[in-house]
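I opened this entry to keep track of what I look up, one topic at a time.

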Amino acid sequence: MADTGLFSPLTLRSLTLAHRGWVAAMCQYSADAVHAPGVPHDWHLMHLGQFAAGGAALIITEATAVNAAGMISPRDTGLYTDEQTAAWRRITDFVHRHGAVDAKIGVQLAHAGRKGSAWWPFSGRRGSVAAGDGGWQTVGPTGEPFGSYAPPRAMTEHEILATIEDFRSAAARAVEAGFDTVEIHAAHGYLLHQFLSPLVNSRTDRWGGSEENRFRLTLAVIDAVREVLPYSMPLLLRISGTDWVDGGLDGASSGRLAAAAAERGVDFVDVSSGGAVPDAVIPAEPGYQVHLAEQVRRHSGVPTGAVGLINDPGVADGVIRNGEADAVLIARAALRDPHWWARAADELGADLPWAPQYQRAGGF
């Protein structure tokens, strides 16, 4: 294959990925909220491990909270205790041992902000979890709720600074747990995106108002995380390339954010979209976010990843060959076919050093 296709390697700092087909973060809502809050277990080992065995080059974990109040739901994973760190180490070791290619794994560090304390999708309930059911008081830039969710408490200066430190501590734990990279989650209407978006952040202090002020928290988190990562370890950032609402974030503002992030040590920007407000109209169709990755790449010069209903290997390969993005991340397609990359390599005629169990005559 040509050097610019889906199955060409990509190096970020000292980390070389075997190819450019990666796994996007997918919330599982499967931790034991009662007996082991935030601790990944056998489900997470199986869920993430299957993608390594199936040929993914890089696997990003689900949104993993940097503190207890940062969870989306009571059943999210976390990375703020020793027990959680040790459990993640078991999973990273498994991925490194059993990848069909030289599989790598990164953790997505997150804080849900005003979208936290929510019922998980298969609970049969919707909206916010009450305190009596294991919920908690959420926080955000202001006291304005997300749709019908319970109102958050506007964060104080002290809480904002403490949250930055929680991202720093979680990143240090990520290194201890054996992750190959860290991705900061600043998309989908969660805390950092809430501060970034003018549709949500109406603060009048140094954390809101102007674009510079709205970017301040995300850039401060980048600084904190970068300080505790080895220089050789790349740092990824997930953003919403647009809010899909007039007056919100768009390709140009997201490009400026990506450029500022790169100056502070971000090596790759994973471009998704939406989530800031509940009434956005999102044209979800195959490849609907690819143009956002291309816009951010063009405005900032930073390598980007395209994500969102990219199911066909030929389409994914075309995104790379056309220079629209530098990697393609898949999610639902991977759930349907955990060996998507093995099949894609066969369809595209890629010659990769697969693990011995994949090397048989006649293809996959």
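I began with Arg321, which is partly exposed, having a relative accessible area of 35%. The model I am reading is a predicted one.

I looked up the partner of Arg321 and found a salt bridge with Asp317, with the closest N and O atoms 2.6 Å apart. Both residues belong to helix H8 (residues 313-321), and because they are four residues apart there, about one helical turn separates Arg321 and Asp317. I noted the general rule that an α-helix has 3.6 residues a turn, so residues three or four places apart point the same way. Asp317 is buried, with a relative accessible area of 8%. The cut-off I needed for that word is under 20%.

I then checked for salt bridges that share partners, and I found Arg13, Arg226 and Asp267 joined into one network.

I went on to the place of Arg13, which is the loop between strand E1 (10-12) and strand E2 (15-17). Its phi is near 55°, a positive value in a residue other than glycine. Arg13 has 28% relative accessibility and so counts as partly exposed.

Tyr29 also went into my notes, with a positive phi of about 50° although it is not a glycine. I located Tyr29 in the loop between E3 and helix H1 (42-53). Is Tyr29 buried or exposed? Tyr29 is buried, and I wrote down a relative accessible area of 13%.

**Other salt bridges**

How many salt bridges are there by the rule used here? The count comes to 20. In general, side chains of opposite charge can pair when their charged atoms come close.

One of the bridges I looked up joins Glu294 and Arg298, whose closest N and O atoms are 3.0 Å apart. Glu294 and Arg298 are four residues apart in helix H7 (residues 290-300), so about one helical turn lies between them. Glu294 is partly exposed, at a relative accessible area of 23%. Arg298 has 52% relative accessibility and counts as exposed.

Another bridge links Arg264 with Asp223, and I read 2.4 Å between the closest N and O atoms. Arg264 sits in the loop between helix H6 (251-263) and E11, while Asp223 sits in helix H5 (residues 211-228), so this pair ties together parts that are 41 residues apart in sequence. Arg264 counts as partly exposed at 35% relative accessibility. Asp223 counts as partly exposed at 27%.

**Helix H6**

I checked the length of H6 next. Its 13 residues should span 18 Å at 1.5 Å a residue, and the end C-alpha atoms are 18 Å apart, which agrees. At the N-terminal end, Asp250 caps H6, with a side-chain oxygen 3.2 Å from the backbone nitrogen of Ala252. Just after the helix, Gly265 takes a positive phi of about 110°.

Which residues of H6 are buried? I listed Gly251, Ser253, Ser254, Gly255, Leu257, Ala258, Ala260 and Ala261. These buried residues of H6 pack against helix H4 (191-196), H5, strand E10 (235-240), E11 and H7.

I also looked up Glu263, which has its place in helix H6. Glu263 counts as exposed, at 72% relative accessibility. From Glu263 to Ser128 I noted 135 residues in sequence and 38 Å in space, C-alpha to C-alpha.

**Aromatic rings**

I turned to the rings last. The structure holds six aromatic pairs. Trp22 lies in strand E3 (residues 21-23) and Phe268 in strand E11 (residues 268-272), so the pair ties together parts that are 246 residues apart in sequence. Both Trp22 and Phe268 are buried.

I found one aromatic cluster formed by Phe51, Trp340 and Trp341.

Which ring faces does Lys115 lie over? Lys115 is over the face of Phe146, at 4.5 Å from the ring centre. Lys115 also lies over the face of Tyr190, where the ring centre is 5.0 Å away.

Notes. Residues numbered from 1 in each chain as written. Predicted model: local features only at pLDDT ≥ 70, side-chain atom pairs only at ≥ 80, totals over all residues. Heavy atoms only, no water. Phe/Tyr/Trp six-rings, centres within 6.5 Å; stacked < 30°, edge-to-face > 60°. Helix = DSSP H or I, 4+ residues; strand = E, 2+ residues; numbered from the N terminus. Buried < 20%, exposed > 50% of the residue type's maximum accessible area, 1.4 Å probe, protein only. Lys NZ or Arg CZ within 6 Å of the ring centre and 35° of its normal. Salt bridge = Lys/Arg side-chain N within 4 Å of Asp/Glu carboxyl O. Expected span 1.5 Å × (residues − 1). Contact = heavy atoms within 4.5 Å. Polar contact = N/O pair within 3.5 Å; in protein donor to acceptor, adjacent residues only side chain to side chain.
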